[in-house]
Amino acid sequence: EPEVTQTPSHQVTQMGQEVILRCVPISNHLYFYWYRQILGQKVEFLVSFYNNEISEKSEIFDDQFSVERPDGSNFTLKIRSTKLEDSAMYFCASSDRDNEQFFGPGTRLTVL
Amino acid sequence: SQQGEEDPQALSIQEGENATMNCSYKTSINNLQWYRQNSGRGLVHLILIRSNEREKHSGRLRVTLDTSKKSSSLLITASRAADTASYFCATASGNTPLVFGKGTRLSVIA
């Protein structure tokens with residue numbers, strides 16, 4: 001069964017460093033999303049991506065964040081200068097036109 | 001906000017019993033989805049129910065949707081210890097981002 005994959009599973013970085021989180025969505029899906037979950041809190045939407053551009057973003061997705069689909073399979077989230085409060089699980093999701101979203105296993109980002 | 005809110009926040013049952021979790025939301029939706037999350041792990045998609053559907057089954061899962069009351073329920077029958085997890089409902093209109101509730105923490109005691 002097709003699934004969303006994410007790498008790395010755990011990323012530790014120093015405050016102020018750049019990180020890139022990678023995702024491979026399900027191949028025939030058209031819509032891509034990033035969400036995050038701070039430990040013990042709700043899953044929060046960051047950004048959605050369709051037709052090679054951002055379709056929607058939340059207040060969390062400020063200028064420090066960017067997304068890219070560099071080729072036909074990968075979908076990346078970049079945080080330019082990480083802050084302590086960026087520590088969270090980051091989930092990638094993809095969906096078809098029905099908006100049935102399937103999530104990857106997540107990347108745990110720890111900012112020291 | 002479309003926000004889904006689950007009820008109860010926590011539920012503890014014996015293995016073999018049924019577990020019922022509820023979700024309420026505020027605005028019109030196209031579909032409602034239920035997810036499971038084991039501690040510190042990813043979100044596993046359980047079931048999607050569309051706004052024109054009232055009930056849906058998948059294995060031991062039964063989901064209902066009442067759009068007039070803006071509520072949904074997830075029933076897990078004959079629960080197992082492996083069902084111990086947090087369960088979230090998430091709502092969407094069209095291809096919009098999902099809005100998650102805080103979840104119900106289910107503990108199934110063997």
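This report walks through how two chains meet and which side chains pair up inside the model.

A few ground rules come before the tour. The model is predicted, so local features need pLDDT of at least 70 and side-chain atom pairs count only at pLDDT 80 or more, while totals for chains, interfaces and linings use all residues. Residues are numbered from 1 along each chain as its sequence is written, chains are lettered from A and ligands numbered from 1 in the order in which they are written, and side-chain values use heavy atoms, with hydrogens and water left out.

## Where the chains meet

Let's begin with the interface. Chain B brings 23 residues to the contact and chain A brings 22 residues; contact here means heavy atoms within 4.5 Å. Between them, the two chains bury about 1,700 Å², with 51% of it on carbon and sulfur atoms. Buried area is the accessible area (1.4 Å probe) that two parts lose on being put together, summed over both. On the chain B side, Leu43(B), Asn95(B) and Pro97(B) supply 34% of the area that chain B buries against chain A, more than any other three residues.

How many salt bridges are there between chain B and chain A? The count is zero, a salt bridge being a side-chain nitrogen of Lys or Arg within 4 Å of a carboxyl oxygen of Asp or Glu. Polar contacts do turn up, though: six residue pairs across the interface, both residues at pLDDT 80 or more. A polar contact is a pair of N or O atoms within 3.5 Å; within protein, one must be able to donate a hydrogen and the other to accept it, and residues adjacent in sequence count only if both atoms are side-chain atoms.

Strands E4 (31-37), E5 (43-50) and E9 (85-92) of chain B each give at least two residues to the side that touches chain A. Strands (E, at least two residues) are DSSP runs, numbered from the N terminus.

## Rings that pair

Now for the aromatics. Over all chains, the structure holds 14 aromatic pairs. Rings of Phe, Tyr and Trp (its six-membered ring) pair if their centres lie within 6.5 Å; planes under 30 degrees apart count as stacked, over 60 as edge-to-face and the rest as tilted.

One tilted pair is Tyr35(A) with Phe103(A), at 5.2 Å centre to centre and 45 degrees between the planes. This pair links distant parts of the chain, since Tyr35(A) sits in strand E4 and Phe103(A) in strand E10 of chain A, 68 residues apart. Both Tyr35(A) and Phe103(A) are buried, where buried means under 20% relative accessible area, exposed over 50% and partly exposed in between (1.4 Å probe, protein chains only).

Ring pairs also build a cluster whose members include Tyr35(A), Phe103(A), Tyr35(B) and Phe100(B).

## Salt bridges

Over all chains there are four salt bridges. Here are three of them:

| Glu44(A) | Arg36(A) | 3.3 Å |

Arg36(A) is buried, with a relative accessible area of 10%, whereas Glu44(A) is partly exposed at 26%. In chain B, Glu53(B) counts as partly exposed at 21%, and Lys56(B) does too at 25%.

## One buried serine

Ser86(B) lies in strand E9 of chain B. Is Ser86(B) buried or exposed? Its relative accessibility is 18%, so Ser86(B) counts as buried. Beyond residues up to four places away in sequence, Ser86(B) touches Tyr35(B), Arg36(B), Gln37(B), Thr104(B) and Arg105(B).

Definitions and conventions
Helices (H or I, at least four residues) and strands (E, at least two) are DSSP runs, numbered from the N terminus.
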